[in-house]
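Hi,

Here is the structure I said I would pass on.

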Amino acid sequence: MSTHPIFDRWPAEHPDRLQLFSAPTPNGVKVGIMLEETGLPYEPHRIDITANESHDPAFLSLNPNGKIPAIYDPDGPDGKPLALFESGAILIYLADKSGQFLPADAGGRYEAIQWVMWQMGGVGPMFGQLGFFHKFAGKDYEDKRPRDRYAAESARLLGVLDDRLANREWVMGDDYSIADISLLGWVGNLIGFYGAREIVGFDRFRNVQRWLDTGLARPGVQRGLEVTAA
């Protein structure tokens with residue numbers, strides 16, 4: 001059994017398996033989806049972010065940034081344990097570990113990673129801010145300029161994705177990849193939980209809608225969305 005401090009708070013029933021520490025947020029579901037899609041054996045632990053569990057000292061020993069998701073792989077590179085945070089980094093690691101959902105050729109690999117970075121640096125922060133100003137505490141602010149700014153930028157990003165998907169089934173073409181996995185939860189959340197379909201004019205992005213419907217129909221995605229939901 002690992003002596004990592006995370007297990008003092010969240011013990012592992014199956015210490016030989018990869019351990020997932022997450023919650024059902026757009027960032028959190030990425031890793032659950034990836035693990036379900038790859039078939040890698042793992043054990044999930046729900047981190048209750050509403051109870052501030054991501055700032056529990058045990059969790060901070062795994063991720064000093066205090067954010068979900070994070071993983072602990074007892075069988076990491078060279079057979080040594082690996083603790084890893086940041087959802088994009090985890091997706092790349094799991095793609096390499098499983099040999100799935102990341103192009104094998106160098107050019108395709110970096111192109112897919114570029115779209116993951118686009119999601120991490122643009123889609124996630126912008127959609128998240130729109131959610132705050134449209135649905136959460138920020139909706140009560142009288143000044144609507146912040147909301148409108150994030151709505152406009154979110155719509156612009158959706159346009160970029162829509163153009164990318166114009167002649168492609170998936171972000172990388174015929175093959176489903178970590179680029180899609182990184183984005184599905186965020187786009188679904190934007191028009192679902194955040195209720196921002198109208199404010200971003202989502203219905204005009206028909207390629208994105210088709211891609212989202214196809215992605216959400218995948219059994220691995222459906223299971224991954226529920227991994228830490230209960």
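Predicted model: local features only at pLDDT ≥ 70, side-chain atom pairs only at ≥ 80, totals over all residues.

Glu 53 is buried, with 16% relative accessible area, because the cut-off for buried is under 20%. The side chain of Glu 53 meets that of Arg 9 in a salt bridge, at 3.1 Å from N to O. This pair links distant parts of the chain: Arg 9 belongs to helix H1 (residues 6-9), while Glu 53 is in the loop between strand S2 (42-46) and H3, 44 residues apart. Is Arg 9 buried or partly exposed? Arg 9 is partly exposed, at 34% relative accessible area. Asp 56 joins in as well: Arg 9, Glu 53 and Asp 56 are linked in a network of salt bridges.

More on salt bridges

As a reminder, side chains of opposite charge can pair when their charged atoms come close. How many salt bridges does the count come to? The answer is 11 salt bridges. Here are two others that I looked at.

One of them pairs Arg 109 with Asp 96, where the closest N and O atoms are 2.8 Å apart.

Arg 156 is partly exposed at 46% relative accessibility, and Glu 153 is partly exposed at 25%.

Aromatic rings

A pair of aromatic rings is described by the distance of the centres and the angle of the planes. The count of aromatic pairs comes to 13. Take Phe 132 and Tyr 141: their ring centres are 6.1 Å apart and their planes are at 75 degrees, so this pair is edge-to-face. Phe 132 is partly exposed, with a relative accessible area of 29%, and Tyr 141 is partly exposed too, at 40%.

Then there is the pair of Phe 193 and Tyr 194, with centres 6.1 Å apart and planes at 40 degrees, so the pair is tilted. Tyr 194 is buried, with 10% relative accessible area.

Which residues do ring pairs link into a cluster? They are Phe 132, Phe 133, Tyr 141 and Tyr 150.

Charges over rings

The charged end of Arg 218 sits over the ring of Tyr 176, 3.6 Å from its centre. Lys 135 lies over the face of Phe 136, at 6.0 Å from the ring centre.

Most residues other than glycine have a negative phi, and most peptide bonds are trans.

The peptide bond from Ile 68 to Pro 69 is cis, with omega near 0 degrees. Pro 69 is found in the loop between helix H3 (57-62) and strand S3 (70-73).

Glu 86 is not a glycine, yet its phi is positive, near 75 degrees. You will find Glu 86 in the loop between strand S4 (82-85) and helix H4 (87-98). Glu 86 is partly exposed, with a relative accessible area of 37%.

Phe 101 also has a positive phi, near 70 degrees, and is likewise a residue other than glycine. Phe 101 sits in the loop between H4 and helix H5 (106-134). Is Phe 101 buried or exposed? At 16% relative accessibility, Phe 101 counts as buried.

What the record says

The UniProt annotation, from an unreviewed entry, is "domain: GST N-terminal" and covers residues 15-102. In the model, the end C-alpha atoms of residues 15-102 lie 27 Å apart, and this span is 33% helix and 20% strand.

Have a browse and send me your questions.

Cheers

Conventions. Residues numbered from 1 in each chain as written. Heavy atoms only, no water. Helix = DSSP H or I, 4+ residues; strand = E, 2+ residues; numbered from the N terminus. Buried < 20%, exposed > 50% of the residue type's maximum accessible area, 1.4 Å probe, protein only. Salt bridge = Lys/Arg side-chain N within 4 Å of Asp/Glu carboxyl O. Phe/Tyr/Trp six-rings, centres within 6.5 Å; stacked < 30°, edge-to-face > 60°. Lys NZ or Arg CZ within 6 Å of the ring centre and 35° of its normal. UniProt positions renumbered as here; feature names shortened; annotations may be inferred.
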